Amino acid sequence: RHSPGTRLSGGEQQMLAVARILRTGADILLLDEISEGLAPVIVQALARMITTLKAQGFTIVMVEQNFRFAAPLADHFIVVEHGEVVESFPAADLPQKQAVLDVLLSV
């Protein structure tokens, strides 16, 4: 509260950015690489926040390279390679698609 946004840590800046969006009354969030460069404890806090917002009815579109972070949060997966969709499936199909994803994502 007493520190300008420019002096916040990376995780605090991400949370501030989400809070600012929520104050506008928006019901959709577009998140681009929200976990990048953050400490694991902050990534876990962001995952809890996303889960809470989903439970409140928010629509969340997340672009994320950290599959381990994104997978438990997703309802649907879209894999884009060189600007083209190469896979698209609901979260329920994840077990059957895991081998394909391992190749696509080089996991």
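User: Which residues form one aromatic cluster here?

Analyst: Phe67, Phe77 and Phe89 do. Bear in mind that this is a predicted model.

User: How many aromatic pairs does that give, and how do I read them?

Analyst: The count comes to two aromatic pairs. To read a pair, look at the distance between ring centres and the angle between the planes: under 30 degrees counts as stacked, over 60 as edge-to-face and the rest as tilted. Phenylalanine 67 and phenylalanine 77 sit 5.9 Å centre to centre with 40° between the planes, so their pair is tilted. This pair links distant parts of the chain, 10 residues apart: phenylalanine 67 belongs to helix α3 and phenylalanine 77 to strand β3.

User: And why is the pair of phenylalanine 77 and phenylalanine 89 called stacked?

Analyst: Their ring centres are 5.3 Å apart and the planes meet at 25°, so the pair is stacked. Here strand β3 is linked with strand β4, which holds phenylalanine 89, 12 residues apart.

User: Let's turn to a charged residue. Where is glutamate 64?

Analyst: Glutamate 64 lies in the loop between β2 and α3. It is buried yet has no salt bridge. For a salt bridge, the charged atoms must be within 4 Å, but arginine 68, the nearest side chain of opposite charge, is 11 Å away.

User: What does the side chain of glutamate 64 reach instead?

Analyst: Backbone nitrogens: that of isoleucine 34 at 3.3 Å, and that of asparagine 66 at 3.2 Å. Beyond its neighbours within four places in sequence, glutamate 64 is in contact with residues including Glu33, Ser35 and Phe69.

Technical notes: Residues numbered from 1 in each chain as written. Predicted model: local features only at pLDDT ≥ 70, side-chain atom pairs only at ≥ 80, totals over all residues. Heavy atoms only, no water. Helix = DSSP H or I, 4+ residues; strand = E, 2+ residues; numbered from the N terminus. Buried < 20%, exposed > 50% of the residue type's maximum accessible area, 1.4 Å probe, protein only. Lys, Arg positive; Asp, Glu negative; His and termini not counted. Polar contact = N/O pair within 3.5 Å; in protein donor to acceptor, adjacent residues only side chain to side chain. Contact = heavy atoms within 4.5 Å. Phe/Tyr/Trp six-rings, centres within 6.5 Å; stacked < 30°, edge-to-face > 60°.
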